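I opened this notebook to record what I looked up in the structure. The entries follow the order in which I consulted the model.

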Amino acid sequence: MPVGTQATVKALTPGDLHAAGAQMILGNTYHLNLRPTAERIAKLGGLHRFMGWDGPILTDSGGFQVFSLADLRRVDDDGVTFTSHLDGSTHRFTPERAMEIQGLLGSDVAMALDHLVDPGRPRAEVVEAMDRTHRWAERSLAACARPDQAVFGIIQGGVDPELRRSSVAAIAGLSFDGIAIGGLSVGESKAEMAATLEVVAEALGADPRPRYLMGVGSPADFFIAVERGIDLFDCVLPTRVARTGQVWTDAGRLNMRNAAFLDDPGPIDPGCACEACRNHSRAYLAHLFRARELLAYRLASVHNVTWTLELLRRLRASLADGSFADLADVVGAAFKRPSS
RNA sequence: GGGUAGGUUGAGCAGGUGGUGAGCUCCGCUGACUGUAGAUCAGCCGUCUUUCGACUGUGGGGGUUCGAUUCCCUCCCUGCCCA
C-alpha cells in the first residue's frame with residue numbers, strides 16, 4: 001500500500017497509482033480528522049469519493065502518531081490527547097473515537113488504535129504499551145459500527161520474543177479480520193526485526209488471516225518479511241525518498257541529484273516500464289531535481305511506486321516457482337550494499 | 001573631466017574607524033529517511049591534512065608601523081550623479 005496520509009499519495013494522482021499497479025492505499029485517521037475533518041469527508045461522500053480513489057483504502061488509527069508525535073501527546077489508559085501539530089489545538093483519541101472517525105472516512109479496513117513505543121525503551125514501558133494495545137483492541141472491535149468495514153488488530157511487544165508471543169495470543173484470539181504487526185521498523189536492527197517476525201510467524205501458525213507488517217519497508221525488508229509470511233505492507237519510503245531524489249532500481253538505489261547523472265541519457269531502470277523510465281532519462285531527472293521542478297517529484301514517485309509494486313509481484317511469483325533465492329541474490333543484495 | 005559610493009572565499013552579503021576576517025545565505029558536493037509535523041533534514045563547501053591542526057586570503061603596487069582589512073600615496077575596476 002502506497003501511503004496517502006492526507007488523502008493523497010504525495011505527488012501522484014489516482015491515475016498514476018493505478019498505472020503503477022497499486023491495488024490498495026493507506027490514509028490516516030489522525031491527519032484527516034484534523035484536516036479537513038472526518039465529518040466533512042463523510043458529508044462529501046467518504047474518503048474514496050473525496051480523493052477520487054476507487055480502490056480499497058486502509059486507514060491507520062493514529063497509533064503511529066502516538067510514537068512519532070511523542071512531544072505532542074499524552075497517553076492514559078482511556079486514550080491519547082494530542083496537541084495538534086497544525087495549530088496547537090487539543091484532540092482526544094480513544095479506541096472508540098478512532099473507530100468512529102474511520103467509520104466516517106469509510107475506509108475498507110480500519111486499524112485498531114494501538115500504543116507503539118520504541119522497542120529500546122525499558123521493558124516495563126514496552127509491556128505497558130502492549131497491554132494497553134490489547135485492551136484497546138477489544139474496545140476497538142466492540143466499537144466498530146460498520147459491518148462493511150474490516151478491522152485489523154495490531155500486535156506489539158517490541159523485540160522481546162516472550163512479549164511478542166503473548167501479544168499474538170491476545171490479538172489473534174480476537175475476531176479481527178486481519179493481523180497487523182506493529183512496533184517494528186522504528187530503529188531496531190534488521191536481525192531483530194527478522195527474529196521478531198519469526199517468533200510472530202511461529203505463534204500465528206496456520207492462522208489464515210492476512211498478515212500486515214506496518215510501516216515496512218525498504219527493498220531489503222521485503223525479502224526478510226515475505227520469507228517470514230508477511231502478506232501486506234505499507235511504507236512512506238518509496239514516495240518520500242523519491243521526493244529527495246533517490247530512486248530504486250534492480251541495481252540498488254541511485255540519487256538523481258548526484259552530478260554523475262547530469263549526462264546520463266539512460267532510463268532510471270532499464271527493466272522498468274513506468275512512465276518515467278519509458279519517456280525520460282536520468283539526465284532529465286537530475287536536471288529537474290536541481291531546478292526543483294515539480295515534475296521531478298512526480299516522475300521519481302511514479303517510478304519508485306511502480307518499481308516497488310513490481311518487486312512485490314516478482315516476490316509473489318518467486319514463491320510459486322521457487323526462484324525466491326535467485327531474486328534475493330540479485331535485487332535483495334543490491335540493497336544491502338552501500339548506496340552507489 | 002568633476003563628484004560620490006563601492007571592490008571581502010563560485011554568486012550575493014555581514015564584519016572590520018591599528019592588535020588573530022574562514023561568519024551568513026545561495027550555488028555546489030555527499031549522505032540520511034521505514035504505519036508521512038518531511039518537495040525535508042544533516043555534513044561538507046580557500047589550500048594541505050583522516051583528525052588535530054597548519055597555511056593563505058579584504059582589487060594591484062608602494063609607504064608609515066612592532067603590527068595594516070583599517071592610516072597615507074598611487075594605479076586599476078564597477079555603480080550612480082553632474083558636466
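Two strands pair if DSSP finds at least two bridges between them. Helices (H or I, at least four residues) and strands (E, at least two) are DSSP runs, numbered from the N terminus.

Conventions. I noted that this is a predicted model, in which local features need pLDDT of at least 70, side-chain atom pairs count only at pLDDT 80 or more, and totals for chains, interfaces and linings use all residues. Residues are numbered from 1 along each chain as its sequence is written, while chains are lettered from A and ligands numbered from 1 in the order in which they are written.

Entry on the open sheet. I found three strands in the order S3-S4-S5, with antiparallel pairing. Strand S3 (73-75) and strand S5 (90-93) each have a single partner strand and stand at the edges, so one side of each lacks a neighbour in the sheet. On average, neighbouring strands here are turned by 15° against each other, direction ignored; the axes are lines fitted to C-alpha atoms. I then followed strand S4 (residues 80-83), which is joined to S5 by four bridges. Phe82 has His91 in S5 as its bridge partner.

Entry on the hairpin. Strand S11 (residues 246-249) pairs with strand S12 (residues 252-255) in the antiparallel sense over four bridges. The hairpin between S11 and S12 runs through two residues. I located Leu254 in S12 as the bridge partner of Val247.

Entry on H7 and H8. The axes of helix H7 (residues 123-143) and helix H8 (residues 161-172) come within 10 Å and cross at roughly 10°, angles being taken from 0 to 180 degrees between N-to-C directions, with helix axes fitted over the stretch in contact. H7 is therefore roughly parallel to H8, a label for angles under 35 degrees. From H7, Val126, Val127, Met130, His134 and Ala137 make the contact, and from H8, Leu163, Ser167, Ala170 and Ile171 (C-beta atoms, placed from the backbone, within 7 Å).

Entry on H13. In helix H13 (residues 282-290) I listed Arg282, Tyr284, Leu285, Ala286, Leu288 and Phe289 as buried (20 or more other C-beta atoms within 10 Å of the residue's own, all placed from the backbone). These buried residues of H13 pack against H14. Arg292 follows H13 and has a positive phi, near 55°.

Entry on the RNA. I counted 48 residues around RNA strand B, the closest being Leu116, Ser185, Gly215, Val236 and Thr244 (C-beta atom, placed from the backbone, within 6 Å).

How values were computed
Parallel < 35°, antiparallel > 145°, perpendicular 65-115°, else oblique. Contact = placed C-beta atoms within 7 Å. Buried ≥ 20, exposed ≤ 12 C-beta atoms within 10 Å, placed from the backbone.
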